[in-house]
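Colleague: I have not looked at this one before. Can you walk me through it, starting with the strands?

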Amino acid sequence: MTGFPHGPVEAAPGVLVHSRSDREAGAETWLILAAHDKRQAQREWAEYGVALLRCGKTFTAIRVPAEIVHAVAGTSDRDEVASYLATALDRGPCFFDGNSQSYYALAPRSAAGRWSVPGTEALGGDFFLGVPATTITAPDPRCAAWWVVPMEGPAALCDVGIVRWLVERGRMRLAEVRALEASEDA
């Protein structure tokens, strides 16, 4: 359906459908729980497009280098990577940060203590991370980060097993590409 009025509509008896703006607002409200100062985070999102949020309070951010994501996606094209990740992560939220050249998959806060995949890092505990506003889904002149796979709603996070699979497959493909390049150089 298109043209949803503001707020949920009933698609079938007992089934509510929420507009994208409602889901963004719900995700923003949930994310802001991780801010030290909620009003400041909202001002930062409005002015800079990115706000510092504390990992480990409501979510863990799994940092994956871009080269691993691009290897598993088979491309570095922004739109193709976004399409690949939306499918591979089963719509789990993920954003890209151009400053660190990393993708950040948001996972349950418990993932930080269980994550041990080489070449990546699970940011939990006392780590503060610049998280883009939920409305930033493409490069924005205010900040270097944007949502590649936007949050579907409050607490809608990535499955840790899926993120692990994606990273391991990406690392394997990256190793294959490097081995092929080395053999061609020899």
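Modeller: Ile 62 has Ala 122 in E7 as its bridge partner. Strand E7 covers residues 121-123, runs antiparallel to E4 and is joined to E4 by three bridges. Helices (H or I, at least four residues) and strands (E, at least two) are DSSP runs numbered from the N terminus, and two strands pair if DSSP finds at least two bridges between them. This is a predicted model, in which local features need pLDDT of at least 70 and side-chain atom pairs count only at pLDDT 80 or more, while totals for chains, interfaces and linings use all residues. Residues are numbered from 1 along each chain as its sequence is written, and side-chain values use heavy atoms, with hydrogens and water left out.

Colleague: How many bridges join E4 to E6?

Modeller: Six, and E4 and E6 run antiparallel. One of the partners in E6 is Ala 107, which is bridged to Thr 60.

Colleague: And which strand pairs with E3?

Modeller: Strand E8, residues 128-132, in the antiparallel sense over five bridges. Within E8, Gly 130 is the bridge partner of Leu 52.

Colleague: Which residues of E3 are on the covered face?

Modeller: Ala 51 and Leu 53. The uncovered face of E3 (residues 50-54) has Val 50, Leu 52 and Arg 54.

Colleague: Which residues of H6 are buried?

Modeller: Val 160, Val 163, Leu 166, Val 167, Gly 170 and Leu 174. Buried means under 20% relative accessible area, exposed means over 50%, and partly exposed is in between, with a 1.4 Å probe and protein chains only. An α-helix has 3.6 residues a turn, so residues three or four places apart point the same way.

Colleague: What covers the buried residues of H6?

Modeller: The cover includes strands E4 (60-65) and E6 (102-107), along with helices H3 (66-73), H4 (78-88) and H5 (111-114).

Colleague: What is at the start of H6?

Modeller: A side-chain oxygen of Asp 159 comes within 2.8 Å of the backbone nitrogen of Gly 161. A polar contact is a pair of N or O atoms within 3.5 Å; within protein, one must be able to donate a hydrogen and the other to accept it, and residues adjacent in sequence count only if both atoms are side-chain atoms.

Colleague: Pick a residue in H3 for me. What is Ile 68 in contact with?

Modeller: Apart from neighbours within four places in sequence, Ile 68 is in contact with Gly 119, Val 167, Gly 170, Arg 171 and Leu 174. Contact means heavy atoms within 4.5 Å. Ile 68 lies in helix H3 and is buried, at 5% relative accessible area.

Colleague: Where is Thr 75?

Modeller: In the loop between H3 and H4. Thr 75 counts as buried because its relative accessible area is 16%. A polar atom of the Thr 75 side chain lies 3.0 Å from the backbone nitrogen of Asp 77.

Colleague: New topic, cysteines. How many disulfides?

Modeller: The count is zero, where a disulfide is a pair of cysteine sulfur atoms within 2.5 Å. Cys 94 is in no disulfide, and the nearest cysteine sulfur, that of Cys 158, is 6.4 Å away. Cys 94 is buried, at 3% relative accessible area.

Colleague: Last one, aromatics. How many aromatic pairs are there?

Modeller: Five. Rings of Phe, Tyr and Trp (its six-membered ring) pair if their centres lie within 6.5 Å; planes under 30 degrees apart count as stacked, over 60 as edge-to-face and the rest as tilted. Phe 95 and Trp 147 are edge-to-face, 5.2 Å centre to centre with 70 degrees between the planes. That pair links distant parts of the chain, with Phe 95 in strand E5 (residues 94-97) and Trp 147 in strand E9 (residues 145-149), 52 residues apart.

Colleague: Are those two buried or exposed?

Modeller: Phe 95 is buried at 0% relative accessible area, and Trp 147 is buried at 1%. Ring pairs also link Phe 95, Tyr 104 and Trp 147 into a cluster.
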